[in-house]
Amino acid sequence: MQDWEVSILGVRGSVPVPSKEFMEYGGNTSCFSVKIENHVIIFDMGTGLTVLGRELIKQKIMRFDILLSHLHIDHLLGLFSFQPLFCPEIEIHLYGRIGLEGDIRKLLSPPWYPLGVEDFSAKIYFHEIEPEKNFYIDKFQVSTIKGNHPDGSILYRLDGDVKSFVYALDCECDKKTFLRLSEFACGSDLMVWDSYFIQEDFKKGWGHSTWKQGIEIVHDADIEHILMAHYNSDYTDAFLHEQEKIACEDKSCIFSKEGMKLGI
Ligand SMILES: [Zn+2]
Ligand SMILES: [Zn+2]
């Protein structure tokens with residue numbers, strides 16, 4: 001059975017932090033990919049997408065499926081320097097909330113950006129999806145639920161014959177959300193989790209969670225591993241090291257670092 005290769009390209013929330021004291025965990029905003037044979041499914045277009053775009057061109061991958069959690073700018077910034085947009089032989093499929101196409105067209109226009117969607121040579125397709133509905137990318141089933149986040153977000157679950165991957169960023173875990181998420185992610189192999197806050201810094205209504213809440217869900221929902229991500233842009237490497245030491249006493253826990261690849 002083929003491994004699914006999960007690549008970690010961007011681990012920060014809110015803004016990129018390309019400074020020395022953030023480089024070990026990484027300074028790019030949210031971007032992850034799952035490679036299954038020749039399929040590459042990408043989650044979010046934070047600044048980590050720039051590096052991924054270069055890699056995938058080298059690997060001669062011709063089709064990209066990009067699932068967007070929501071349109072807050074930290075999840076879109078990588079689009080502005082995504083080289084595959086300039087390759088006529090490449091197909092890019094973008095999936096996101098209702099209104100996605102109009103919103104992306106607005107963003108890719110003056111005065112925010114000098115080029116529009118029609119100026120790129122890649123073939124771009126928009127797929128607007130209603131959360132709670134399922135669809136397929138090739139033979140892989142994609143399920144979705146709504147996240148608890150200002151302006152909304154979509155959480156994704158990708159299922160193959162025997163493996164499954166959950167992407168749950170930008171979601172505040174209150175009691176109701178805990179139950180919904182636990183059911184949604186039940187039995188999955190790996191869940192990418194919103195660890196924007198530590199418990200002491202948690203701010204109600206900001207739409208983010210803590211690593212501790214993630215570990216509680218893992219045990220409730222029988223998830224194999226949890227990958228902490230979307231770190232607060234104030235949390236330095238030294239600070240995250242300390243948190244990792246405590247959190248990883250639980251063997252399900254992994255703190256994501258840019259450049260890391262995991263097999264599931
Ligand atoms: Zn975010
Ligand atoms: Zn957000």
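The model is predicted. The chain contains 5 helices and 14 strands. Of its 264 residues, 45% are buried.

**Overall build**
- A compact globule with 264 residues would have a radius of gyration near 18 Å; the chain has 17 Å, so the two agree.
- Along the principal axes, the C-alpha atoms fill a box of roughly 50 × 40 × 35 Å.
- Take the contacts between residues at least 6 apart in sequence: 66% of them join residues at least 24 apart.

**The nonpolar core**
- The largest nonpolar core has 71 residues.
- Tyr-167, Ala-168, Met-191, Val-192, Ile-226 and Met-228 have the most contacts inside this core.
- Leaving aside residues up to four places away in sequence, Tyr-167 touches Phe-32, Phe-43, Ser-69, Leu-155, Tyr-156 and Val-192.

**Strand β9 and its partners**
- Strand β9 spans residues 153-159 and is mostly covered, with 6 of its 7 residues buried.
- Strand β8 (residues 140-147) runs antiparallel to β9, and 7 bridges join them.
- One of the bridge pairs sets Lys-146 against Ile-154 in β9.
- The hairpin of β8 and β9 has 5 residues between the strands.
- In that hairpin, Asp-151 takes a positive phi near 70°.
- Strand β10 (residues 164-168) also pairs with β9 in the antiparallel sense, over 4 bridges.
- A hairpin of 4 residues joins β9 to β10.
- Asp-159 stands opposite Ser-164 in β10.

Note on methods. Residues are numbered from 1 along each chain as its sequence is written. Chains are lettered from A and ligands numbered from 1 in the order in which they are written. This is a predicted model: local features need pLDDT of at least 70, side-chain atom pairs count only at pLDDT 80 or more; totals for chains, interfaces and linings use all residues. A nonpolar core is a set of buried Ala, Val, Leu, Ile, Met, Phe, Trp, Tyr and Cys residues joined through C-beta atoms within 7 Å. A residue is buried if 20 or more other C-beta atoms lie within 10 Å of its own, exposed if 12 or fewer, and partly exposed in between; C-beta atoms are placed from the backbone. Two residues are in contact if their C-beta atoms, placed from the backbone, lie within 7 Å. Helices (H or I, at least four residues) and strands (E, at least two) are DSSP runs, numbered from the N terminus. Two strands pair if DSSP finds at least two bridges between them. The radius of gyration is taken over C-alpha atoms; the globule rule is 2.2 Å times the number of residues to the power 0.38.
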